[in-house]
Amino acid sequence: MGDKENIKRLLQEAELYQGQGLLSEARMKYDEASSLIRNNPKIKNRDKILAGIMRKINLLEADTQKVERGPSSPELSAKAQDLIQKLFAFSKEDSEGEAELEGALALAKFGQFERALIELNKLLSNAPQRLEAAKNILRCHIARSSEDAAADTYEEWARGDGFTPEELEKLRTFLEQLMEKKGLKRTLTVVSQPAETVTETEPEEFIDISSIGILFESGPGKGKVIEFDVNFQSGNLLSFIISKKDGQLIEDLKVNSKFEELQFYSPIAIFNGSGVVVAKSEIKSGPKQGDFCLDIKITNT
């Protein structure tokens, strides 16, 4: 492969990484492409191409600074991330894909968004997990206050052929709802659906839950219904990050604690149901140190 093809490939990879919010990886690709251009005097319009790449790098740095101004999210070591991914991939189902999804979500819960995005993107080629992986990619971008990356990622999906029109419509409405909850409004591309595919759509097993209300029977919240935002969702498993300042609210909750009356809030309905705590842990290191991970499984609606 010659320099021209290599440069083209590197620029394509950089745009792909940038679209996925992987800013450091995108910067590396732009730098590699710039180096190849500088070292090859035979390339025509070198100065013009380098100036174009520099403009892209400047925009990239602006995005990076925006992310850095957001919530602190220092990366754990690769070994620690591997351990988190392995320990929290606790699916009892005989499904490698489900376990990989749970492992990726565990990384996101611990604030390891870059690694979580890499793992979730791998699952986009796995049909059973594709839609849930895509929704949680968008949640990751929103969680790191990178709404533009979330929108750009959706637009890239809309231009490609990796999703069906029905899946894209679900992702579009899902992302618009996430943004509306943050007080943002962004018009996203509506992908037209072929007439023959409109009449039959497979229902999702569980609708997207944005928050739940828990009636506490003990502790400082006794007798009150307190609402918590859902940080991540995998089917009927809802995951929450409870800040350490609210830790007392959940100190009496243990694994297998049951809730007979939960209020579920979704963009299309509010309904009651029951659930059970399947995991609760204090985060010992990383950007969420001192906060709590709480996983509640919906048992009935």
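Q: Is strand S1 (residues 211-215) largely enclosed or left open by the rest of the structure, and how many of its 5 residues are buried?
A: This is a predicted model, so read every value as computed from that prediction. To judge a strand, count its buried residues. In S1, 4 of the 5 residues are buried, so the strand is largely enclosed by the rest of the structure.

Q: Which strand pairs with S1 over 5 bridges?
A: Start with the general idea. In a regular strand the side chains alternate between the two faces of the sheet. Now the case here. Strand S2 (residues 225-229) pairs with S1 over 5 bridges, in the antiparallel sense.

Q: Which strand is joined to S1 by 4 bridges?
A: That is strand S5 (residues 258-265), and S1 and S5 run antiparallel. Here Ile214 has Leu262 in S5 as its bridge partner.

Q: Asp229 lies in strand S2. What is Asp229 in contact with, leaving aside its neighbours within four places in sequence?
A: Its contacts are Lys181, Ser210, Ser211 and Phe240. Next, check the accessibility. Asp229 has a relative accessible area of 46%, so Asp229 counts as partly exposed. Asp229 and Ser239 are 10 residues apart along the chain, and their C-alpha atoms are separated by 9.1 Å.

Q: How many salt bridges does the structure hold?
A: The general idea comes before the count. Side chains of opposite charge can pair when their charged atoms come close. This structure holds 10 salt bridges. One of them joins the side chains of Arg27 and Asp31, at 3.1 Å from N to O.

Q: Where do Arg27 and Asp31 lie, and how many residues apart are they?
A: Both belong to helix H2 (residues 23-38). They are 4 residues apart, so about one helical turn separates them. Arg27 is partly exposed, at 29% relative accessibility. Asp31 is also partly exposed, with a relative accessible area of 34%.

Q: What does Arg115 form with Glu119, and how many Å apart are the closest N and O atoms?
A: The two form a salt bridge, and the closest N and O atoms are 2.9 Å apart. Arg115 and Glu119 sit 4 residues apart in helix H6 (residues 113-122), so about one helical turn lies between them. Arg115 is buried, with a relative accessible area of 16%. Glu119 counts as buried at 12%.

Q: Which residues are linked with Arg115 in a network of salt bridges?
A: Glu119 and Lys122 are linked with Arg115 in that network.

Q: How many of the 10 residues of H6 are buried?
A: The count is 7 of 10, so H6 is largely enclosed by the rest of the structure. The buried residues are Phe113, Glu114, Arg115, Ala116, Leu117, Glu119 and Leu120.

Q: Which residue forms a salt bridge with Arg172?
A: Glu176 does, and the closest N and O atoms are 3.1 Å apart. Both residues lie in helix H9 (residues 165-181), 4 residues apart, about one turn of the helix. Arg172 counts as buried, at 12% relative accessibility.

Q: How many aromatic pairs does a search of the whole structure find?
A: The search finds 3 aromatic pairs. Trp157 and Phe163 form one: their ring centres are 5.0 Å apart and their planes stand at 50°, so the pair is tilted. Both residues are buried.

Q: What are the distance of the centres and the angle of the planes for Phe216 and Phe228?
A: The ring centres are 6.3 Å apart and the planes stand at 70°, so this pair is edge-to-face. Phe216 lies in the loop between S1 and S2, and Phe228 in strand S2, so the pair ties together parts that are 12 residues apart in sequence. Phe216 is buried, with a relative accessible area of 5%. Phe228 is buried too, at 10% relative accessibility.

Q: Which residue lies over the face of Phe174?
A: Lys135 does, at 5.5 Å from the ring centre.

Methods
Residues are numbered from 1 along each chain as its sequence is written. This is a predicted model: local features need pLDDT of at least 70, side-chain atom pairs count only at pLDDT 80 or more; totals for chains, interfaces and linings use all residues. Side-chain values use heavy atoms; hydrogens and water are left out. A salt bridge is a side-chain nitrogen of Lys or Arg within 4 Å of a carboxyl oxygen of Asp or Glu. Helices (H or I, at least four residues) and strands (E, at least two) are DSSP runs, numbered from the N terminus. Buried means under 20% relative accessible area, exposed over 50%, partly exposed in between (1.4 Å probe, protein chains only). Two strands pair if DSSP finds at least two bridges between them. Rings of Phe, Tyr and Trp (its six-membered ring) pair if their centres lie within 6.5 Å; planes under 30 degrees apart count as stacked, over 60 as edge-to-face and the rest as tilted. A charge sits over a ring if NZ of Lys or CZ of Arg is within 6 Å of the ring centre and within 35 degrees of the ring normal. Contact means heavy atoms within 4.5 Å.
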